[in-house]
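Please open the structure in your viewer and keep the selection tool at hand.

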Amino acid sequence: MIKWYDHGVFLLHDGSFASECFGTSKEKAREKTMAWKILKAHNHSGDMEQLGLKFDALVSPDNNYVSILQTARASGLERFPVPYVLSNCHNTLCAIGGTINEDDHVFGLDNVKKYGGIFVPPYRAVLHQYMREMMAGCGKMILGSDSHTRYGALGTMGIGEGGGEVVKQLLGKTYDLTRPPIIAVSLTGRPRPGVGSMDVALALAAAVFQNGFVKNKILEFVGEGISGLSMEYRMGVDVMTTECAALSSIWCTDEKTREYLKEHGREEEYAPLRPEEGAYYDGLIEIDLSQVECMIALPFHPSHAMPIRQFKENMEEVLSQVEEEGRKIKGNQGEPFSIMDHVRDGQLMVDQALISGCCGGLFENLAAVSDILGDDTIPGSGPSLGVNPASLPVMADLMSQGIAGRLVKNGVTIRPCICGPCFGVTDVPANNGLSIRHVTRNYPNREGSKPGQGQMAAVCLMDSRSIAATMKNGGRLTAATELEVEYHNWHHQFDGSIYQGQVYDCYGKGDPQEKLAMGPNIADWPQMYGPGKHLLLKTAGSYEGSVTTDELIPSGEASSYRSNPEKISGYTMISRDPEYVGRAKAIRSLEQEQREMGGYTSDEQMNHLLDCLKDRLGCQVQEITLGSLMVSDQIGDGSSREQAASCQRVLGGFANLANTYATKRYRSNLINWGMLPLRTEEPLNVPVGTCLLVPDVRRALEQGEEQITVQVLNSQDGRAERVISCHLDHLTEDERRILLAGCLINYYRG
């Protein structure tokens, strides 16, 4: 089904690949890829090894655009230099916090009027669908502050990053990175009826996520199998490449791409894209689409995927492992997490089903659901099925072609065009509930449950077709390929007039005199400071395994406080370690006292340690900065939300220590918020409360040192009990200066 090759390959004239291509150098052959050409066209560094990219457009959802705008304004924003789309699709139905959500929407619209942007009001579209419909084009690059910024199927390289990188673009700066490796994804064959885009995506994630094969790399989709896929099918696969940990993606374009852009009123955005013969790739993935089966991703990650057939053959063994993992996540709060009781008479029974957002809510997915359900009705006494179409044009066409009416008669509830179920702000399952969903993620508690309050639920990811088959079969897990279904050749008819007058396009027409209405929850960033000569870190959190961005700062109701740095920081690690915030705040208080009391604090034990270090280092106590530290094997798997790093910083964090950072975007977030991304290859055994010293940290940053030593201290006398060899990896000049300044705002405000 899927094979991968961890060595370089050349593309031959017949579409096959070879390890050698005589007479061709790898360096020149790289230039024949689609990705290289697009990167080169957007690079402003003059060096294709150390890129400095500027993007054609930017996009942010309402769960982070306020903090981005506040950061940009504090850094000297004057206007939006490129089209910047503010979408309101994440926090529209979440009523927690009173007026907060709509206050943020008003603030976003005012910024669009002031600086010249594009405002997509609530319920019109999920941000990525709007960008596909209205902004993507062949050869473009788009940067978004949502991790699923992926438009490769339309010939656009999309990258999802934290808000700090969007701020840099708003200020006319570049997106800096070392040239990423490019992996060829060769598609052959055709999917069987009933096998949808999510099945292909989950099979890919299962094959390459855990081994890190495509981490921070660009996936370039090629091969004869592309021509047999509709544009929506391609988009459904493409958006899920985020769950493989890829940096970006790009696909060969063809007449289907041209027709899509023509139907969306933008035929001029079409250009044929394909690699040249002899193109060199740093690795290869082969997918035979005809061999892909209907898949299920078990909790608690999209890569925990296997064919539904295989799962049924090993159901109890697999579910017992899921139950054990869930109990570790829930801890000792309330009754133990239970999922085994969903197996009844040898069948897995589900409680809820949802098809939503940028990957599930596409027209063809929902039309296929109608074909599968036929004349059947979903009874109100069992599991429910809800859908969120990806945009109003999709919803309108479902209505005009009669599909929406049939779905309603089937018992399917049709909801607004929002990211709600994917983001954990709607449709939270019952305690110990099992939901099957065609959405992007099934991380722990992303569906909205709260293990700290004794609540725990689980989500399995499936394609909409198998979800419909399961509902047709009374909630018993069923692959779509198990049913005989007549699929109609539905074709989406896009009506762009829906957006005319509803979407406010003010790009290039901003009014600097426009006033900004700031609701009571919208707060400025607190003052942040750079490190002194030496950095003393006290461990506020230490964990085994992976710490995800959903754990660092949960989705759901916490996001209502996204525009208030102090309030949202109170939710940091709340689902995994409710004591983290208190410990971090205690360390922050000591750091604040240091500045007010000439380097000392009100804590006698800490003062003793500071005196010991002062004598050992031969420095003034004022030259030692105190901050908190988080330690784990891996940190940052998940979304691009910058709050995952900024909340740590607001709480007084100065560094993280990990064996690996799951994504470039999380590491970038740390740097932009003034936190050292310390990485070590040594085993980590740093309990909470441990003090560590980073000596001469300013000198190391000023001189561009990539290796740095961290001393684990004896808290009684300040001796170094052991030394951890750490890496800062490659930091650009700007990144080092941001860390020295204390955060991106300080550096650009300078």
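This is a predicted model, in which local features need pLDDT of at least 70 and side-chain atom pairs count only at pLDDT 80 or more, while totals for chains, interfaces and linings use all residues. Residues are numbered from 1 along each chain as its sequence is written, and side-chain values use heavy atoms, leaving out hydrogens and water.

Begin by selecting strand 2, residues 9–11. Helices (H or I, at least four residues) and strands (E, at least two) are DSSP runs, numbered from the N terminus. Strand 2 pairs with strand 14 in the antiparallel sense over two bridges; two strands pair if DSSP finds at least two bridges between them. F10 stands opposite Y280 in strand 14.

Next, select helix 3 (residues 65–74) and helix 6 (residues 163–170), which pack at an angle of about 45° with axes 9 Å apart. Axes are lines fitted to C-alpha atoms over the stretch in contact, and angles run from 0 to 180 degrees between N-to-C directions. Show the side chains of I68, T71 and A72 in helix 3, which meet G163, V166, V167 and L170 in helix 6; contact means heavy atoms within 4.5 Å.

Finally, go to helix 14, residues 392–400. Which of its residues are buried? They are P393, V394, M395, D397 and L398, buried meaning under 20% relative accessible area with a 1.4 Å probe, protein chains only. Their cover includes helix 5 (127–134), helix 13 (363–373), helix 15 (403–410) and strand 22 (413–414). After helix 14 comes G402, with a positive phi near 80°.

Notes: Buried < 20%, exposed > 50% of the residue type's maximum accessible area, 1.4 Å probe, protein only.
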